[in-house]
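The following note sets out several points on the structure shown below. Each point treats one local feature.

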Amino acid sequence: MTETRDAAPPAADGGDPPDGSEFGVGEQNSDDPRIEFRGGKWASTVPLAFFIGWAIFQSGVLGIGDTNGLVVGALIGTTLGMFLVRGDWKRYADTIFEGMTQRVAATAIVAWLWAGMFAQTLQVGGFVEGLIFAADALNVGAATFPAAAFVLCGLLATGIGTGYGATVAFVTLFFPAGVLIGANPVLLFAAILSGAVFGDNLAPVSDTTIVSAVTQDADIGGVVASRFKYAIGAAVPAFAAYLIAGSVMSGVELEGAVALRESANALGLVHLLSMGIVIVTAVAGRHIVEAISWGLLVAIAFNLLFGLSSASDIVAFTVTEAGSLSGLPVVEVGETAGVGGSLYSGAVGFFPLIVLTLLIVAMAQIMIRGGGFEAIQTFLLDRVATTVRRAELTMVLGTATINGMITINTAAEIAIAPYVARIGEKFNINGYRRANILDANTSALGYIFPWAGGVLVGYQVMVGPDGLGAEYGPEMVVNPIEVVPYVFHGWFLVAIFVLAAITGFGREYIPDRVSEEVSRA
Amino acid sequence: MSVFDKFLAGWSFRGSTPDYAAGDVLEVMVTGEENGGHVARIGDSTLRIEDAPADAINTRIIVDVESWDDSAHTGRATYRKTVGESAF
């Protein structure tokens, strides 16, 4: 490899060049005071370690996938760490602020807010119903239904960027239809989860895609393009596996089939174009906020033009008494005053994750200032990641381990991101490769294990008070542990990255191709 | 790089010891110090860098490759300029 370049590529978004200040690690050699802990530098890991323990107990042991609960765990962990500080606690408190104001968190937060608005606008615009129309038009039967569910859920998740949202939508609308026409419930649920993995991994508006790109100083569009080969490499055999398994695994006996076409709406498929605009614009190098904004404008136009949603589905001001403005299409009269609509709920839906992200970044900063981060990094580089192959395997298995424990996948990704960045950089592994390693396990394992958040959100749709089980019977409830072997795309994605680390497939070094400028907020 | 090229990049098996040639201009991350000088470890290959700033570790720099030994996967380069820092 002798390809050369004269200088760093120009910023694609006009943002400032990275200054290495993310998480403050780039300032390790500065004269900033370090925090002294009782018990030494390892004590600085207590806040994050407590949080990880809390996350394992909450999500892994108790099976509660509540991001707000993790926020409380992070708050308690951060408070506990303060009692271990020697001397003035002000430094500790200042470090919390220092961590929360790091630009890496702000970048992800801005992208999430736009992604949330876009995703919810596609949802109210009947995108799911459009995909159901496609399934009906293709005349899928019981044997091919899981394979179709994988592809269509993958499309939805790629469009809206949230695997959790795609899982809920498909388990609510697609799963009962499939089971009622004779598809195997376990296989069908697993296929839906596989589609969620695909979209969470590949979509430019996915929370995990955004975090993996910005924490590795890589542009989001370039990351999406570079991970396509891994995603499609796992999706093709997964699709074949669902076709084979679908013809082998029998369904359950239920009376009263529900036709797919009841909720089908061909017009919803116009949002394939809305989704395509975001993907193409982002991959072309435009700022992710600009890319999503174009997609959002087109989605709103389609919704209103084709009657897919009303203006108040997008923005709604609810007042308690009719007045002169209540005739406006975005003003409604209701029992409780408030603001609603897809733009509102899409953005607000990310608020818990935003707060959690800020706290995790603050805990990481405490580890950095206290020396714990450097100690762990030194151990890994000296004892474990001693060659580039072992370094990549360490990154793959490290992200797998953390994601197996912390089942809110984005939180796990933020926690492990600094190590992936620093270990990768020590071998000049470029940002795209690091971002892909970071996101693959995060996306896959978040939808495989029974305690994973992605599995639990789908399971809740089945067992809730008005869930599928209550409506159709116990045949509509799948035990989460049963789906583990059948989330084919997730397993193939993990396997591909283990093989990629061993064989060097897809490996790129920093001199090979430098990432474009990160889409900074 | 075109959008199409971005999708096609990396469809190959890359070895753990990349080799370069004299005259190459590379952007690398400075990964350590050795015998009073700076080094950039690229995979399991090593590039010794002369005239880099004292605080060059964990910065991304442009270098001119002066010589390269394909059998030992090591080379020597000269610092040109600093273009960035570590992501963390």
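1. A:Asn428 is buried, its relative accessible area being 0% (buried means under 20%, exposed over 50%, partly exposed in between, with a 1.4 Å probe and protein chains only). The residue sits in the loop of chain A between helix H19 (409-425) and H20. Apart from neighbours within four places in sequence, A:Asn428 is in contact with residues of chain A, namely A:Glu508, A:Tyr509, A:Ile510 and A:Pro511, and with B:Val28, B:Met29, B:Thr31, B:Ala40, B:Arg41 and B:Ile42 (contact means heavy atoms within 4.5 Å). Between A:Asn428 and A:Tyr509, 81 residues apart along the chain, the C-alpha separation is 5.5 Å.

2. The model is predicted: local features need pLDDT of at least 70, side-chain atom pairs count only at pLDDT 80 or more, and totals for chains, interfaces and linings use all residues. Residues are numbered from 1 along each chain as its sequence is written, chains are lettered from A and ligands numbered from 1 in the order in which they are written, and side-chain values use heavy atoms, with hydrogens and water left out.

3. Helices H10 (residues 207-215) and H20 (residues 431-445) of chain A have axes that come within 9 Å and cross at roughly 155° (axes are lines fitted to C-alpha atoms over the stretch in contact, with angles from 0 to 180 degrees between N-to-C directions). H10(A) is therefore roughly antiparallel to H20(A) (angles under 35 degrees count as roughly parallel, over 145 as roughly antiparallel, 65 to 115 as roughly perpendicular and the rest as oblique). H10(A) contributes A:Thr208, A:Thr209, A:Ser212, A:Ala213 and A:Thr215 to the contact, and H20(A) contributes A:Ala435, A:Leu438, A:Asp439, A:Thr442 and A:Ser443. By class these residues are 3 nonpolar, 6 polar and 1 charged (Ala, Val, Leu, Ile, Met, Phe, Trp, Tyr, Cys and Pro count as nonpolar, Asp, Glu, Lys and Arg as charged, and the others, Gly among them, as polar).

4. For H6 (residues 145-160) and H12 (residues 271-283) of chain A, the axes come within 9 Å and cross at roughly 55°. H6(A) is therefore oblique to H12(A). Here A:Leu155, A:Thr158 and A:Gly159 of H6(A) meet A:Leu272, A:Met275 and A:Ile279 of H12(A). This contact comprises 4 nonpolar, 2 polar and no charged residues.

5. Strand E1 (residues 316-319) of chain A is joined to E3 (residues 338-340) by 3 bridges in the antiparallel sense (strands pair if DSSP finds at least two bridges between them). A:Ala316 stands opposite A:Gly340 there. E1(A) also pairs in parallel with E2 (residues 331-333) over 3 bridges, where A:Val319 has A:Val333 as its bridge partner.

Technical notes:
Helices (H or I, at least four residues) and strands (E, at least two) are DSSP runs, numbered from the N terminus.
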